[in-house]
Amino acid sequence: MNTRVFPDIDALSRGALDELLRIMADAVRTRGRFAIALSGGRTPEKMYRLWAERERQNAQTPWDKVHLFWGDERYVAKDDPLSNYRMTREALIAQVPIPAANVHRVPGPEDFATPEAAAEAYEADLRKFFGTAPPAFDLQLLGLGVEGHTASLFPGSPAFEEKSRWVMAVEAPAKPPRRLTFTPIVLNQGRNTFFLVAGEDKREIMHALRSEPAGGPSRYPAGRIRPADGVVWYLDKAAIG
Ligand code: 6PG
């Protein structure tokens, strides 16, 4: 397991942001744009706020070349307190001059009557952006749930059997249950993948993941995301004990 361990979530957020900005500069230099798949939940919020703060102090992000996507979203309105988009808007998007067209929000109930229709629309947005080849994000951020889920890929998820769709509507054993998620078809294409994991409540699942045989099958969704370019685990001390 390729891990980077930090004393706390502040240091973890700074370390991950430094790498994000390096990867962004490289992507813009080599591909003319930076496509990032953001994660939701609590852990990445501090890094999003730090990114906005850094931009206030020293603007270095070419926002016209940055495209924000979400690896998963709860099927709730964009102003709902449970919306990953809302969290990101308050922490980052509302603070920086990113063109609205570069913010690829996952559609919600205000856009489509069903999560399935919203998933089809988001996939169409991805296909328009990436064309025919599976989307290889320059950077994808992922979290980890206590039972080993990542994005909204929960244990036993049908998304692991999916052969063609890039985005799926799923029913999760979590609040709220109706969600949209990238499938492993997308997540296993990432050029750079960071798992951001912090807090004592993640210690048990981190121990279980680290105890699995390297390269062997994993019992956990997070352990089954294995892009060829590898993943880096950004951990705080509390998460590994
Ligand atoms: C979501 C997330 C999810 C998250 C984990 C960890 O929409 O809930 O994308 O996969 O990353 O649940 O969440 P915390 O960072 O809040 O522990």
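Select H67 to begin: in this predicted model, and leaving aside neighbours within four places in sequence, H67 is in contact with F34, A35, I36, A101, N102, H104 and F129. The residue sits in strand β3, which spans residues 66–70, and because its relative accessibility is 13%, under the 20% cut-off, H67 counts as buried. If you display side chains here, you will find a polar contact of 2.9 Å joining those of H67 and H104.

From H67, move to one of its contacts, N102, which is placed in the loop between α3 (84–91) and α4 (115–130).

Now show helix α1 by itself, residues 9–31, where 23 residues reach 31 Å from the first C-alpha to the last, close to the 33 Å expected at 1.5 Å a residue. At its start, look for D8, a side-chain oxygen of which reaches to within 3.2 Å of the backbone nitrogen of D10; just after the helix, select G32, which takes a positive phi of about 80 degrees. Among the buried residues of α1 are L12, A16, L17, L20, I23, M24 and V28.

L196 counts as buried at 3% relative accessibility, and, not counting residues up to four places away in sequence, it touches L12, A16, T43, P44, M47, L142, G143, L144 and Y234.

Which residues are closest to the ligand? Of the 14 residues that surround it, the closest are T43, D72, R74, A151 and K202. A polar side-chain atom of T43 lies 2.6 Å from an oxygen atom of the ligand, while a backbone N or O atom of G40 lies 3.4 Å from a ligand oxygen, and a polar side-chain atom of R179 also lies 3.4 Å from an oxygen atom of the ligand. On its own the ligand has 420 Å² of accessible area, and the protein covers 93% of this.

Stay with A151, which is found in the loop between β5 (139–142) and β6. Its phi is near 45 degrees, a positive value in a residue other than glycine, and A151 is buried, with a relative accessible area of 9%.

For the last stop, select K175 and P176, which are joined by a cis peptide bond with omega of about -10 degrees. P176 is found in the loop between β6 (167–171) and β7 (178–182).

How values were computed. Residues numbered from 1 in each chain as written. Predicted model: local features only at pLDDT ≥ 70, side-chain atom pairs only at ≥ 80, totals over all residues. Heavy atoms only, no water. Helix = DSSP H or I, 4+ residues; strand = E, 2+ residues; numbered from the N terminus. Expected span 1.5 Å × (residues − 1). Buried < 20%, exposed > 50% of the residue type's maximum accessible area, 1.4 Å probe, protein only. Polar contact = N/O pair within 3.5 Å; in protein donor to acceptor, adjacent residues only side chain to side chain. Near = heavy atom within 4 Å. Areas by Shrake-Rupley, 256 points an atom, 1.4 Å probe, with all protein chains shown as cover. Contact = heavy atoms within 4.5 Å.
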